[in-house]
There are 2 protein chains.
Amino acid sequence: MPTSRSYRDSCGIARALDVVGERWALLVVRELLLTPQRFSELRHALPHVSSNLLADRLRELEHNGVIRRSPAGSRVYELTERGRGLEPILVALGDWGIDVPQPPGPAALSATSVLIFLRGAARPDPAAPPTTCRLELGGRVWTVRMASGRVEVQAGEPATAAVSIRTEPTTLSALLNDPARLASACADGSAAVVGDMSAVERLLRSVQDGGNNSSPMSTSLSGSAK
Amino acid sequence: MPTSRSYRDSCGIARALDVVGERWALLVVRELLLTPQRFSELRHALPHVSSNLLADRLRELEHNGVIRRSPAGSRVYELTERGRGLEPILVALGDWGIDVPQPPGPAALSATSVLIFLRGAARPDPAAPPTTCRLELGGRVWTVRMASGRVEVQAGEPATAAVSIRTEPTTLSALLNDPARLASACADGSAAVVGDMSAVERLLRSVQDGGNNSSPMSTSLSGSAK
DNA sequence: CTGGATCCACTGCGATACTG
DNA sequence: CAGTATCGCAGTGGATCCAG
């Protein structure tokens, strides 16, 4: 049964929190920032949310016009225009949260989380030629493109790609913190690269280089690499 | 007893929400955006929060470095540098929440809420000479200054002022929506103006004029004017 | 009087089990 | 796969009480 409790405050901030302030709500929105997702995909990305609560949140967010079913009535959830308006807020909140101490114990890390971080922190050389990477992460395929000094991320297969990478979010996060581990990750099988290895190195290093000057992301979001 | 429950997610967004995602936490931060406040002032601004919960939140936010006691050990709470980093996020969230339907029934509206809205929505004529207004709102005195096309708000008495206004947050909010009511508000005593009445009109109208083109605040945050 | 602490009822949440 | 059903408990809301 969906939550119905309000701050009873006219302020826009309070009204926003009436809609997206319940527990897990903003993390559901986060998961939908890059691509529509199914119920089971959301559960996989948010392993600590219980199924009934996820169902409640999806109902509430849909009722409040933040998300919708992709073909109406289906089980694929996507952001509405209004929901997409939360994107800059979530990105800013993520920047703010970077220097909050890591929670103790093992922590989840979804593909979407790492990719949003990558997209925001990477500063590829604007002079370098555009490069497209195919990335298989958390059971989905993503298109990661370095162009004009920034990184774009899309769900789905690229038309063409200089390189294909397969790994898990935790490993990718570790590599973003320390690109030098790429060789050993390939060696022990936690990452697999086919194609132009130097493109991968450029991608990883562009986070290291760019992170220092323009945003407070140096500590990064390295998962407790279990 | 303070809350200790984590999303157990390495993502910066989740870690931010571990700190400021609990109920009422961001509204406490909101109240401290313009000036340090005492426990009783926070209770007055947030009439629906229970005293034990407010005490819990203050403890947690202090423990997490978002707020501190103004002279350490006192009962005046203020934002830390880290806490102030939430300001742009809260402002953006407030913009987003503007077109969330007003909650049913009577709603609270703190002085801080109205002033943050005023500051963000007002677009005074950049060509007009700077003007300082003294504003007595919700039992505190504020300095509101129109200069170089925007409005600055500070707590405390101005050194000099073109006009002094005394009213309540709800009334001010109604006037921001409809400056034409200023005369009747003065007549029935819900607002009192001493000094340059035209300065007040300029301030109020600058919200109407500026709100349309640059931000989505036309529906405003009018309280249920009971 | 401010600045809380204590007690209690309730409901949203978390975990597990189960169903169309 | 996409949820629903159930249950114990933590977090919340509200009232009252207490210390400086």
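This is a predicted model: local features need pLDDT of at least 70, side-chain atom pairs count only at pLDDT 80 or more; totals for chains, interfaces and linings use all residues.
Let me start with chain B, where β1(B) and strand β3 (residues 76-79) run antiparallel and are joined by two bridges, strands here being DSSP runs of E with at least two residues, and helices runs of H or I with at least four, both numbered from the N terminus. Two strands count as paired if DSSP finds at least two bridges between them. Residues are numbered from 1 along each chain as its sequence is written, chains are lettered from A and ligands numbered from 1 in the order in which they are written, and side-chain values use heavy atoms, with hydrogens and water left out.

Within that pair, B:Arg38 has B:Val76 of β3(B) as its bridge partner. Helix α4(B) packs on this sheet and touches β2 and β3 of chain B, its direction making about 105 degrees with that of β2(B); contact means heavy atoms within 4.5 Å, and angles run from 0 to 180 degrees between N-to-C directions, the axes being lines fitted to C-alpha atoms, for helices over the stretch in contact. The sheet as a whole is open, with three strands in the order β1-β3-β2 and antiparallel pairing, and its edge strands are β1 (37-38) and β2 (67-69) of chain B, each of which pairs on one side only.

Chain B has another open sheet, of five strands in the order β6-β5-β4-β7-β8, with mixed pairing. Why is one side of β6 (150-155) and of β8 (191-195) of chain B left without a neighbour in the sheet? Both stand at the edges with a single partner strand each, so one side of each has no neighbour there. From one strand to the next, the twist averages 20 degrees. Strand β5 (residues 140-147) of chain B is joined to β6(B) by six bridges in an antiparallel arrangement, and B:Arg145 has B:Glu152 in β6(B) as its bridge partner. Helix α7 (residues 111-121) of chain B packs on the sheet, touching β4 (131-137), β5 and β6 of chain B, and its direction makes about 5 degrees with that of β5(B).

In chain A, strands β5 (residues 140-147) and β6 (residues 150-155) pair in the antiparallel sense over six bridges, with A:Val144 opposite A:Val153. The hairpin of β5(A) and β6(A) has two residues between the strands, and A:Ser148 takes a positive phi near 45 degrees there.

Turning to the interface, chain A and chain B bury about 4,600 Å² between them, 64% of it on carbon and sulfur atoms, where buried area is the accessible area (1.4 Å probe) that two parts lose on being put together, summed over both. A:Tyr7, A:Arg15 and A:Trp96 supply 18% of the area that chain A buries against chain B, more than any other three residues. The contact takes 50 residues from chain A and 50 residues from chain B.

On a 1 Å grid over the protein atoms alone, a cavity is a set of points where a 1.4 Å probe fits but cannot get out, a pocket is an open set with protein on both sides within 12 Å along at least five of seven lines, and lining residues have an atom within 4 Å of a point. The largest cavity is lined by 25 residues, with A:Leu17, A:Leu26, B:Leu17, B:Gly21 and B:Leu26 nearest its centre. Of the 19 residues lining the largest pocket, B:Thr3, B:Asp18, B:Val19, B:His63 and B:Asn64 are the closest to its centre.
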